[in-house]
Amino acid sequence: MIRKGMKLYSILFGACPKCHQESMYVEKNPYKLSSTIKINDNCSHCGTKYRMEPSFFYGSMYVSYGLGVAFAVTTFVICYDIFELSPMSSFIAIIITLIVLFPVMMRLSRNIWINLFMKYDKSLAQKSKAK
Ligand SMILES: [Zn+2]
């Protein structure tokens, strides 16, 4: 089970990496492409500033590259080894998968990136109850 307080929770749901009480994103749905990567400035619960420096999220590009490779390899293994599609069909499947999942990967890579630098803090999470 994935619960608040686990790093995976923040990574999968894009929750504030420190309190897990709020989404970092302005728009919940990553497929609204105009706001896929729009992130709030601060967490409305604990006040954490998400961009520690102006170009903070540029580093997440390295993560998204790694994620892209991981997704491509996974897709290839599923198509080629499990469904026994031809290499060409498997290749096309990879491209479709990467395009379809692109918004999700953009967010995942940012979530992973920020979670490398910030940690869940129980006291910040409980703060919200006082509100
Ligand atoms: Zn927070």
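Start by selecting F71, which sits in helix 2. Helices here (H or I, at least four residues) and strands (E, at least two) are DSSP runs, numbered from the N terminus. A word on what you're looking at: this is a predicted model, where local features need pLDDT of at least 70, side-chain atom pairs count only at pLDDT 80 or more, and totals for chains, interfaces and linings use all residues. Residues are numbered from 1 along each chain as its sequence is written.

The rule: buried means 20 or more other C-beta atoms within 10 Å of the residue's own, exposed means 12 or fewer, and partly exposed is in between, with C-beta atoms placed from the backbone.

Now show what F71 touches. Setting aside neighbours within four places in sequence, F71 is in contact with T97, L98, L101 and M105.

Next, colour helix 2 (60-82) and helix 3 (87-117). They pack at an angle of about 145°, with their axes 7 Å apart. Those axes are lines fitted to C-alpha atoms, for helices over the stretch in contact, and angles run from 0 to 180 degrees between N-to-C directions. By class, the contact of helix 2 with helix 3 has 17 nonpolar, eight polar and one charged residues. Nonpolar covers Ala, Val, Leu, Ile, Met, Phe, Trp, Tyr, Cys and Pro; charged covers Asp, Glu, Lys and Arg; the others, Gly among them, are polar.

Stay on helix 3 and select F102. The helix bends there by about 60°, and a proline, P103, follows within four residues. That bend is the angle between axes fitted to the seven residues ending at a residue and the seven starting there.

Which residues of helix 3 are buried? Select I94, R107, L108, S109, R110, N111, W113 and I114. They pack against helix 1 (7-13) and helix 2.

Two loop stops come next. Most residues other than glycine have a negative phi. H20, in the loop between helix 1 and helix 2, has a positive phi near 60°. H20 is buried, because 25 other C-beta atoms lie within 10 Å.

Then jump to E84, in the loop between helix 2 and helix 3. E84 also isn't a glycine, and its phi is positive, about 55°. E84 counts as exposed because it has 9 C-beta neighbours inside 10 Å. Draw a line from its C-alpha atom to that of S123 and you'll get 51 Å.

Finally, zoom out. The protein has four helices and zero strands, and its C-alpha trace spans about 60 × 35 × 25 Å along its principal axes. Of its 131 residues, 18% count as buried.

Notes
Contact = placed C-beta atoms within 7 Å.
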